[in-house]
Amino acid sequence: MTNQFSRTELLIGKDGVERLQNAKIAVFGIGGVGGYAVEALVRSGAGSFVLVDDDRICLTNLNRQIIATRKTIGKYKVDVMKERILEINPQAHVETRQCFFLPENAQDFDFSQYSYVIDAVDTVTAKLEIITRAQQEGVPVISCMGAGNKLDPTQFRVADIYETTICPLARVMRRECRKRGIEHLKVVYSTEKAVRPLEDAAVSCRTNCVCPPGTARKCTERRDIPGSVSFVPSVAGLILAGEVIRDLAGV
């Protein structure tokens with residue numbers, strides 16, 4: 001019988017669709033990358049999600065984040081993403097965790113329950129903890145490297161972390177993964193050299209923060225504020241989702 005996933009079934013088969021429907025996917029970071037990853041996953045039939053993010057949607061998110069609209073500014077990203085998932089597939093199960101994942105609260109997450117883990121956060125400490133916890137439980141994990149300050153979406157690649165080049169974040173992650181005995185890690189990374197952001201105080205969040213009241217991690221407190229566009233993080237997120245779908249569906 002025809003249903004909303006019929007076109008997907010034509011490519012990955014009934015068994016593949018069922019595997020996705022039975023999967024529980026944890027996505028850490030629901031921003032420019034993670035939001036598009038979730039979007040592709042729910043439209044492909046993934047049946048259960050755990051969404052982890054502590055941020056609210058900000059005015060400056062409108063240029064690249066799929067859940068950011070004028071109506072959603074100020075709302076928590078996990079709440080808006082959950083609503084969007086259920087509008088696409090009312091049968092999906094969605095758990096939201098409104099927090100910033102760190103080693104200090106990692107014990108609150110049972111990684112053994114997850115079928116797949118997507119790391120789309122932007123801090124090394126959190127990335128390493130996510131990866132370590134997932135691999136300790138034997139759960140497949142894929143990690144996104146730097147997508148900020150980039151303009152060429154065609155330069156994204158999928159590789160093992162130890163095969164990456166150019167990306168500064170990947171360089172740091174290679175070093176830290178070696179220290180922790182992490183032998184393999186699938187990542188999405190870009191071979192494009194980062195563009196240096198313009199130093200224009202008139203449009204910088206550093207001097208003109210527009211984060212909603214109550215935001216825990218304001219731009220003024222961040223070490224770096226990268227530039228970004230609509231067509232780079234979205235591609236990284238779609239590539240992440242594609243890898244997860246293929247791995248779970250067995251295609």
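At what angle do helix α2 and helix α6 pack, and how far apart are their axes?

A: A quick word on the ground rules. This is a predicted model, with local features needing pLDDT of at least 70 and side-chain atom pairs counting only at pLDDT 80 or more, while totals for chains, interfaces and linings use all residues. Residues are numbered from 1 along each chain as its sequence is written, and side-chain values use heavy atoms, leaving out hydrogens and water.

Now the pair: α2 (residues 32-44) and α6 (residues 233-249) pack at about 40 degrees, and their axes are 7 Å apart. Helices here are DSSP runs of H or I with at least four residues, strands are E runs of at least two, and both are numbered from the N terminus. Axes are lines fitted to C-alpha atoms, for helices over the stretch in contact, and angles run from 0 to 180 degrees between N-to-C directions. The two helices are therefore oblique to each other; under 35 degrees would be roughly parallel, over 145 roughly antiparallel, and 65 to 115 roughly perpendicular, with the rest oblique.

As for who touches whom (contact means heavy atoms within 4.5 Å), the α2 side includes V33, Y36 and L41, and the α6 side includes L238, V244 and I245. By class, that contact has twelve nonpolar, four polar and no charged residues. Nonpolar means Ala, Val, Leu, Ile, Met, Phe, Trp, Tyr, Cys and Pro; charged means Asp, Glu, Lys and Arg; the others, Gly among them, are polar.

α2 also packs on the sheet, touching β1, β2 (48-52), β4 and β5 (141-144), and its direction makes about 170 degrees with that of β2.
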